Structures are given as structure tokens and as C-alpha cells.
Amino acid sequence: MIRLAIAMIITMMLASHHAAADSFRCGGKIVRAGMTMDDVRKACGSPTSTDIEEHDVRAGNRVVGTTQIHTWRYRRSSGQRTAVLTFDEGVVRSISMESK
């Protein structure tokens, strides 16, 4: 019985670790890839820090334009890792957690 309980706890911990890469909880809301910058700001407020990088857009080996990649960081409560959101064209493309 104890082994079953331990196995269930480990399974839940592994599942929650995997979900952290796909989403994170911000207050009472879940932030996921595909949300707009405005959606995230409404759910979480202003980010702790922001960065903007400009990248070339290429067609073959020709540069046909540029795009801006925005990175927002949300420092969360004690004991939780900082959430890092990457936006392209104003939409969340990835969510990761920074190591402490």
C-alpha cells in the first residue's frame, strides 16, 4: 500500500514537471502557448522584466524582413521558478522555467 502511494506521488510530480513547460499558473489563470500579449498581461499583470530581439526573416538565403521576438519574465512567489515567455508576432510561442 505504501509503495503504491509513493508511486502515485512520483507520477504526479513528474506529470506536473512536464506541464510546467507547456503552461504556468498566474494567479487564478493558466497561461499557455498561443495566448496574446494582451491576454497574458490581463492574466498576470506587467512582467518583472522584458527583452526584445530583432531577427531577420529569410526566404532561402535572402532577407525579406525582420521580426521582433519579445521575452517576458515573471518572478513568482517564493519557492517557484521564474516563468519565461517568448512571443513572436505578439503570441506566446514558448514557456520555460528558469533555474534558481
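A disulfide (a pair of cysteine sulfur atoms within 2.5 Å) joins Cys26 to Cys44, with an S to S distance of 2.2 Å. By this rule the count comes to one disulfide. Cys26 lies in strand β1 (residues 23–26) and Cys44 in helix α2 (residues 37–44), so the bond ties together parts that are 18 residues apart in sequence. Helices (H or I, at least four residues) and strands (E, at least two) are DSSP runs, numbered from the N terminus. Cys26 and Cys44 are both buried, where buried means under 20% relative accessible area, exposed over 50%, and partly exposed in between (1.4 Å probe, protein chains only).

The model is predicted: local features need pLDDT of at least 70 and side-chain atom pairs count only at pLDDT 80 or more, while totals for chains, interfaces and linings use all residues. Residues are numbered from 1 along each chain as its sequence is written, and side-chain values use heavy atoms, with hydrogens and water left out.

Turning to the sheet, four strands form an open arrangement in the order β3-β4-β5-β6, with antiparallel pairing; two strands pair if DSSP finds at least two bridges between them. Strands β3 (49–59) and β6 (91–97) stand at the edges with a single partner each, so one side of each has no neighbour in the sheet. Neighbouring strands are turned by 25° against each other on average, direction ignored. Axes here are lines fitted to C-alpha atoms, for helices over the stretch in contact, and angles run from 0 to 180 degrees between N-to-C directions. Strand β5 (residues 83–88) pairs with β6 in the antiparallel sense over six bridges, and Val84 has Ser96 of β6 as its bridge partner. Helix α2 packs on this sheet, touching β4, β5 and β6, and its direction makes about 5° with that of β4.

Leaving aside neighbours within four places in sequence, Phe24 is in contact (heavy atoms within 4.5 Å) with residues including Val31, Cys44, Tyr74 and Leu85.

Finally, Thr67 is found in strand β4 (residues 62–74) and is buried, with a relative accessible area of 18%. The Thr67 side chain makes a polar contact with the side chain of Asp88 at 3.1 Å.

Notes
A polar contact is a pair of N or O atoms within 3.5 Å; within protein, one must be able to donate a hydrogen and the other to accept it, and residues adjacent in sequence count only if both atoms are side-chain atoms.
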